[in-house]
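Open the model in a viewer and follow the stops below in order.

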Amino acid sequence: MVKPIIKDVMFLGQKSEPATADDRQIITDLQDTLKAHRDGCVGMAANMVGYKKRIIIVSMGFADLVMQNPVIKAKSGKYEAEESCLSLTGRRKTERYQNIEVEYFDISFNKQKQKFSGYAAQIIQHEMDHLEGIII
């Protein structure tokens with residue numbers, strides 16, 4: 001179901017709770033909502049649609065990648081980026097890393113470990129900030 005985008009910074013500023021294998025509906029809602037906002041959005045965190053769960057979805061161009069309970073295990077290549085967010089107005093500067101390695105549970109709740117670089121790494125870091133209650 002397409003959910004409204006949360007703009008309440010008090011809600012967005014709270015840390016998310018661990019996802020479980022029973023959170024399938026949240027993933028479906030994230031997929032539907034990302035699809036509805038595809039023209040101006042490349043990723044979402046569950047708290048952006050009202051769920052305080054550690055789940056993100058990232059558009060990889062050819063497919064959308066769902067990550068549950070993602071953790072950055074390695075990072076390199078620090079740089080300054082300027083980002084926007086559906087939950088906020090305007091653009092803001094933030095620090096990101098060019099290369100990251102993320103451990104997470106996939107859509108079927110199987111453990112994965114994967115390396116990302118460039119724009120995909122930046123999107124993942126932005127969405128993971130949401131899980132920590134970090135508002136850029």
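Begin with the second largest pocket, whose lining has four nonpolar, two polar and six charged residues (Ala, Val, Leu, Ile, Met, Phe, Trp, Tyr, Cys and Pro count as nonpolar, Asp, Glu, Lys and Arg as charged, the others, Gly among them, as polar). This is a predicted model, in which local features need pLDDT of at least 70, side-chain atom pairs count only at pLDDT 80 or more, and totals for chains, interfaces and linings use all residues. Residues are numbered from 1 along each chain as its sequence is written, and side-chain values use heavy atoms, leaving out hydrogens and water.

Select R54, I72, K75 and T94, which are among the residues lining the second largest pocket. A pocket is an open set of points on a 1 Å grid over the protein atoms alone, where a 1.4 Å probe fits, with protein on both sides within 12 Å along at least five of seven lines; lining residues have an atom within 4 Å of a point. Strand β4 gives the most to this lining, with four residues (strands are DSSP runs of E, at least two residues, and helices runs of H or I, at least four, numbered from the N terminus).

Next, select β3 (residues 64–84) and β4 (residues 91–105), antiparallel strands joined by 13 bridges; strands pair if DSSP finds at least two bridges between them. On β3, Q68 stands opposite F105 in β4.

Now show the whole open sheet, with five strands in the order β1-β2-β3-β4-β5 and antiparallel pairing. Strands β1 (43–45) and β5 (111–117) are at the edges with a single partner each, so one side of each has no neighbour in the sheet.

Finish at the largest pocket, where V42, S84, C85, Y119 and H126 lie nearest the centre. Helix α3 supplies the largest share of its lining, five residues.
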